[in-house]
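Here is a friendly walk through the nonpolar cores and aromatic contacts of this protein. Take a look at the model first, and then let's go through it together.

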Amino acid sequence: RDEYRKVVLEGVRLLQMAKEQFGDPRYLMDRFWQENVDLPAWMGQRATRFIHIAKKLKLETLGFSARRIEFCVLISKLAASWLKVSCRTMGLKVKKTVKGFERVTKLLTPPHESGTVELTFDDIRCERNRNIINKDEWIEKYEASLRPLIERQVFGNEDVVISSENGGIQPSNGKSNKNYKIAEPLCGWDNLIAPDDYQNKWEDARECCLCHLCGDDDAGVADSASMAVVDPNKPNVAHVGRLLPMGDGLWVHASCALWSSETWEAESGGLVNAMEKARSRGSQLRCFGCGRPGATVGCSKGNCSWNYHFPCAYACGAVFNAAKQMYCAQHKADAENIIQNPSMELMKTLIIAPEKAKPFQDKDANEIEANLFHRVGALVVHSIGSIEQDSDGFHSEDYIMPPGYTATRIFWSTVQPRTRTVYVLRIEKSSSGRVLFSITPADNPNGKFKSSSVKQVYNQLVEKVNEVNEQYFSHGDLYSKLPTERLCRRKTFGLNGPQFFGFGLNYVRKLLEHSPGVEAVVAPITEMSPQYKFCFLQPSEESIVELQRRR
């Protein structure tokens, strides 16, 4: 604890030095991002985070008191990166400038592919620094005897027995105490249900429209060990990354899309453009490696007509450079700034830009077929209903809620924990003439949720989902194997009521604004009637006047 605290205090001392030299530590970070060459990006991100935390906690004036060891380790990990970055930027040597250099070196651990950090084991010491216990000795002699004690402390019950058959934890005395269950790993991506069970193997049937390989592929491994050739007689095939959705139900791997000759990525937003153009050209070209169509990665050397799939190009000895260009094995000597691992997929958002999108005009609303469904992610709109013409309550300033609106959404079940089901979402007109929102779960049709408020009916569903999955969270216990709940004040799964039903989404909102009789939402019946604020299409003045005349 003292060593971790010393690292944090050294970071505060370097903050004061940075203020004297640069005026503000953020100016030092700006210089670091401009001039840095060899230090990794995660180190700069941690250093920036330490500056913000030191300012928020007022470490320079109030100091640092390490009451909780896990909090102390977290702050010291950020402080270690700040010490490394600040010393490099100010031209100082870390070993001579910083006290506790050995502890700082141990804390400079890069994150895993998932973003987590695994710190090395600390030696367990007794009094007067005698009898140092290493990791292997701890596992062999002490961990087995202390494991039951730790489990009793974790689950808060002295008589706890862990069942390996169903993954549950129940009291051994037979009392009806709280039943805890440990989450089991998912089955899929070559993970079998049992070692001898080959019939229930999970397979991803989604196929890339370019390389024709099925399923996602892990391309987020940065080290070169994942790219090593195990068998010298077999080609080294690169990872192709996750599958990205395209139009018409097609899929494409991230690496196949980014390395195609026609495509380019936008500077912000992760938008991949000209993907449809690349797919159309690739359907007429065959790969020089495997002979199948879909070859969109062409050699950048002039007058070279060789085209490959991305994994085939890597297997055939082609090289890739930082300018998103590929050179075949015959012309790889002309390549500059070669990337050693071209399949390293950055963990960021990637979206395939739609091609030749038809503008939505007024006449399109009348041409929409009655049996045409609209899908937005996990939501499917089956009917947009009809705009209420002669009564209020079915629209507000922000939303249109027509009676007869019907949609289905895939969401977490209120019966089975960690299971998804389909919900039927409807907007109806009650017997009193008011709006009524209903949510019907497919696995429990009798447990329908109803309310006159879309926010209230959605909150009822979320509370029921949280109640069913309550036993699968650790509830703040740092030693539990169960996952922790997200620290968020609003337990709404990132949605609100209108978005859950769909009429709060822009695509569905556009459909509703193009519906027949939409002028009724801006033609007030009384002085207290709300007027909807249009986002995409404003109704004509003639239609509004005609509606008022009919009324």
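## Aromatic contacts and nonpolar cores

Trp259 is buried, since its relative accessible area is 4%, under the 20% cut-off. In this predicted model, Phe320 is buried as well, with a relative accessible area of 1%. The structure holds 18 aromatic pairs, and Trp259 with Phe320 is one of them: an edge-to-face pair, 4.8 Å centre to centre, with 65° between the planes. This pair links distant parts of the chain, 61 residues apart. Trp259 sits in the loop between helix 9 (254-258) and strand 6 (264-265), while Phe320 belongs to strand 10 (residues 319-321).

Two charged side chains lie over the faces of tryptophan rings, as listed here.

| Charged residue | Ring | Distance from the ring centre |
|---|---|---|
| Lys324 | Trp259 | 4.5 Å |
| Arg420 | Trp412 | 4.0 Å |

Now to the cores. The largest nonpolar core has 37 residues, of which Phe437, Ile439 and Phe501 touch the most other members. Elements that give two or more residues to this core include strand 15 (379-384), strand 18 (435-441) and helix 16 (541-550). Helix 13 gives the most, with six residues.

Leaving aside residues up to four places away in sequence, the residues touched by Phe437 include Met401, Ile427, Phe449, Val457 and Phe501. Phe437 also belongs to a cluster linked by ring pairs, with Tyr399, Tyr405, Phe411, Tyr423, Tyr458, Phe500, Phe501 and Phe503.

How values were computed:
Residues numbered from 1 in each chain as written. Predicted model: local features only at pLDDT ≥ 70, side-chain atom pairs only at ≥ 80, totals over all residues. Heavy atoms only, no water. Core = buried A, V, L, I, M, F, W, Y, C linked by side-chain atoms within 4.5 Å. Buried < 20%, exposed > 50% of the residue type's maximum accessible area, 1.4 Å probe, protein only. Helix = DSSP H or I, 4+ residues; strand = E, 2+ residues; numbered from the N terminus. Contact = heavy atoms within 4.5 Å. Phe/Tyr/Trp six-rings, centres within 6.5 Å; stacked < 30°, edge-to-face > 60°. Lys NZ or Arg CZ within 6 Å of the ring centre and 35° of its normal.
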